[in-house]
Amino acid sequence: MNKVGRTGGKVYLVGAGPGDPGLLTVRGKECLEQADVVLYDYLANPALLSYAPDQAERVYVGRRGKGSYPEQETINRLLIERARARKVVVRLKGGDPFVFGRGGEEAEALATEGIDFEVVPGVTAAVAVPAYAGIPVTHRTLASTLTIVTGHEDPENLHGIGLATTGCRPRHVGVSDGHEEPRHDHNASSSRGTDNLDTCGYHSLGHQSFSANGCRDLS
């Protein structure tokens with residue numbers, strides 16, 4: 001495995017995993033150990049910051065519940081500015097950076113500005129939470145498809161998107177202190193034979209919760 005380069009600025013979009021620090025990948029740990037700057041979310045376990053050098057700049061860019069948070073354009077600008085200053089930048093994101101983590105938007109911004117970057121996949125809660133509960137998201141005889149949906153999508157954005165009518169369908173639901181409900185009920189449109197799993201993260205510190213609909217045969 002190649003080590004993190006030091007010849008120029010580079011951004012690493014690193015998946016922090018579902019909360020348990022032990023589920024961070026080896027590559028993610030390597031990137032943190034050589035980081036000059038770490039931009040991290042609320043959903044990234046703060047214990048992971050201990051892997052970064054003491055002198056590394058740590059910038060919090062997350063939010064809790066309905067609290068305020070930096071606009072995505074502001075985060076993109078920070079990534080670009082630090083990389084242009086020849087810094088090794090780690091963007092630490094809960095779960096996987098490309099699964100409802102806006103990593104795609106950040107990658108687009110970096111590519112547009114000609115910034116070198118690497119995506120370091122992480123363990124997504126959509127798979128990890130059911131696994132901890134003993135529920136396989138695929139099974140040769142019970143679930144041959146896997147569809148991951150968000151519990152906070154604008155309903156208008158769902159028009160024209162066909163959801164699987166069979167198999168397993170994990171739904172990401174961000175839970176605030178007030179147990180905020182998602183704006184769109186995907187269960188309402190589920191079909192018989194589809195297992196709906198809600199994967200909820202409480203403070204992303206290993207406190208995981210799930211609810212299962214139609215999964216009695218798997219649990």
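1. Let's start with Gly-17. Neighbours within four places in sequence aside, Gly-17 is in contact with Lys-93, Gly-94, Gly-95 and Val-123 in this predicted model. The residue is found in the loop that runs between β1 (10–15) and α1 (26–33), and with a relative accessibility of 3% it counts as buried.

2. Helix α3 (residues 103–112) is worth a look down its axis. Its buried residues are Gly-103, Glu-106, Ala-107, Ala-109 and Leu-110. As background, an α-helix has 3.6 residues a turn, so residues three or four places apart point the same way. On the other side of α3, Glu-108 and Thr-112 are exposed.

3. What covers that buried face? The cover over the buried residues of α3 includes β1, α2 (72–84), β4 (88–93) and β5 (117–120). Just after the helix comes Gly-114, which takes a positive phi of about 70°.

4. Gln-72 has its place in helix α2 and is buried, at a relative accessible area of 7%. Its side chain makes a polar contact of 3.0 Å with the side chain of Glu-106, and Glu-106 is one of the buried residues of α3. Once neighbours within four places in sequence are left aside, the contacts of Gln-72 are with Arg-102, Glu-105 and Glu-106.

5. On aromatics, how many pairs does a search of the whole structure find? There is one. It is made by Tyr-40 and Tyr-60, with ring centres 5.4 Å apart and planes at 55°, so the pair is tilted. Tyr-40 belongs to strand β2 (residues 37–40) and Tyr-60 to strand β3 (residues 57–60), so the pair ties together parts that are 20 residues apart in sequence. Are the two tyrosines buried or exposed? Tyr-40 is buried, with a relative accessible area of 18%, whereas Tyr-60 is partly exposed at 38%.

6. Now the chain as a whole. It has four helices and nine strands, and from the N terminus on the elements run β-α-β-β-α-β-α-β-α-β-β-β-β. Of its 219 residues, 42% count as buried. Among contacts with a separation of 6 or more, 64% come from residues 24 or more positions apart. The accessible surface of the chain comes to about 11,500 Å², with 49% of it belonging to carbon and sulfur atoms.

7. Last, a word on confidence. The chain averages a pLDDT of 77, and 63% of the residues score at least 70. Over residues 175–194 the pLDDT is below 50, although this stretch has 50 contacts in the model beyond near neighbours in sequence. Residues 200–219 also have a pLDDT below 50, with 52 contacts in the model beyond near neighbours in sequence. Where pLDDT is low, the predicted coordinates should not be read in detail.

Definitions and conventions: Residues are numbered from 1 along each chain as its sequence is written. This is a predicted model: local features need pLDDT of at least 70, side-chain atom pairs count only at pLDDT 80 or more; totals for chains, interfaces and linings use all residues. Side-chain values use heavy atoms; hydrogens and water are left out. Helices (H or I, at least four residues) and strands (E, at least two) are DSSP runs, numbered from the N terminus. Buried means under 20% relative accessible area, exposed over 50%, partly exposed in between (1.4 Å probe, protein chains only). Contact means heavy atoms within 4.5 Å. pLDDT is the predictor's confidence in each residue, from 0 to 100. Accessible areas come from the Shrake-Rupley method with a 1.4 Å probe; for residues, only the protein chains shown count as cover. Rings of Phe, Tyr and Trp (its six-membered ring) pair if their centres lie within 6.5 Å; planes under 30 degrees apart count as stacked, over 60 as edge-to-face and the rest as tilted. A polar contact is a pair of N or O atoms within 3.5 Å; within protein, one must be able to donate a hydrogen and the other to accept it, and residues adjacent in sequence count only if both atoms are side-chain atoms.
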